[in-house]
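Subject: Structure handover

Hello,

Here is the structure for you to pick up. My notes follow below it.

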Amino acid sequence: PMSIYTCITLIACGLYLTACASTPEKLQGADYYYVEGQKAYEKKRCVEASEHFQRLVSNFPGSQRVTQSQYMLAESYFCSEDYVNAAFEYQRLIDIYPTSDWAAEAQFKIGESFFEQMRRPELDQKETYEALTAFRNFIEDNPSSPLIETARERIRSCRENLAEKIYLGAYLYQKQGYTEAARVSFQDVLRDYPDTAWYYQTLFRLGQLALESANTDLAAQYWQEVLQGSDDVDLKKDVQEALAQLNLSAG
């Protein structure tokens with residue numbers, strides 16, 4: 001039979017092995033985490049990359065690698081489509097290292113992070129407003145950046161989204177018979193978003209509302225502006241048909 005001494009020895013060995021197995025991973029150097037993070041990022045292993053860069057940023061705040069690693073941490077979150085954390089880490093870089101070589105691009109990527117979260121026009125547009133603000137700030141703060149034109153394109157897309165949301169709400173009012181509410185909302189589109197595709201769609205609907213109110217001259221005025229300014233072939237066809245019916249009625 002096994003002696004008491006042997007039993008105690010085996011138990012002690014087991015406890016030692018268990019303790020070894022649960023020992024935390026030994027911390028490597030800053031360069032190690034930077035290199036491993038870059039390798040993972042290049043292979044699109046985004047979560048793994050974020051873990052490496054997070055270890056560097058958290059444990060080596062004095063390292064010469066820390067600024068770029070902070071940027072790459074944000075990039076890794078962006079790569080994994082975790083746009084909420086990406087925006088947070090880009091902003092953190094700007095707050096802590098405002099003069100770094102990556103600050104301007106981080107500011108642009110904050111806008112991109114919100115832009116990627118934008119919802120369909122009929123849904124809440126909080127992220128669209130956030131993106132719009134971020135890109136406008138970026139343009140103001142970085143007038144010579146090569147990313148300026150892309151930022152302007154993003155602003156145009158945001159404004160199209162916001163214009164469409166108001167247009168859809170106004171059109172719903174129109175279909176439900178709330179004529180005055182529809183008119184007010186359509187006028188908001190004309191006032192605030194004249195540079196969007198929804199401007200001419202709105203003029204068409206306002207022409208319909210004017211016709212319903214027996215104001216044929218105003219209806220014709222709205223529709224003529226569509227014919228003169230819009231490039232939308234289908235919309236212009238609808239307007240031409242409406243004008244033809246208007247002329248028949250007048251005749």
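In which helix is T202 found? T202 sits in helix α10. Helices here are DSSP runs of H or I with at least four residues, numbered from the N terminus.

Some ground rules. This is a predicted model, in which local features need pLDDT of at least 70 and side-chain atom pairs count only at pLDDT 80 or more, while totals for chains, interfaces and linings use all residues. Residues are numbered from 1 along each chain as its sequence is written, and side-chain values use heavy atoms, with hydrogens and water left out.

Back to T202. Its relative accessible area is 0%, so T202 is buried (under 20% counts as buried, over 50% as exposed, in between as partly exposed; 1.4 Å probe, protein chains only). Beyond its neighbours within four places in sequence, T202 contacts Y167, F186, V189 and L190. Contact means heavy atoms within 4.5 Å.

Next, the α10 and α11 pair. Helix α10 covers residues 198–212 and helix α11 residues 216–229; they pack at about 160 degrees, axes 7 Å apart. Axes are lines fitted to C-alpha atoms over the stretch in contact, and angles run from 0 to 180 degrees between N-to-C directions. That angle makes α10 roughly antiparallel to α11 (over 145 degrees; under 35 is roughly parallel, 65 to 115 roughly perpendicular, the rest oblique). The crossing is left-handed: the near helix is turned anticlockwise from the far one by less than a right angle. Residues in this contact include Y199, L203 and F204 of α10 and L218, Y222 and W223 of α11. The contact residues divide into 12 nonpolar, 4 polar and 1 charged. Nonpolar means Ala, Val, Leu, Ile, Met, Phe, Trp, Tyr, Cys and Pro; charged means Asp, Glu, Lys and Arg; the others, Gly among them, are polar.

A second pair: helix α2 (residues 30–42) packs with helix α4 (residues 66–79) at about 30 degrees, axes 11 Å apart. So α2 is roughly parallel to α4. Their crossing is left-handed. Y34, Q38 and Y41 of α2 meet Q68, S69, M72, E75, S76 and C79 of α4.

Last, the core. The largest nonpolar core has 64 residues, and Y90, F135, F186 and W223 touch the most other members. Helix α8 (residues 148–176) gives the largest share, 8 residues. A nonpolar core joins buried Ala, Val, Leu, Ile, Met, Phe, Trp, Tyr and Cys residues through side-chain atoms within 4.5 Å.

Regards

Definitions and conventions
Helix = DSSP H or I, 4+ residues; strand = E, 2+ residues; numbered from the N terminus.
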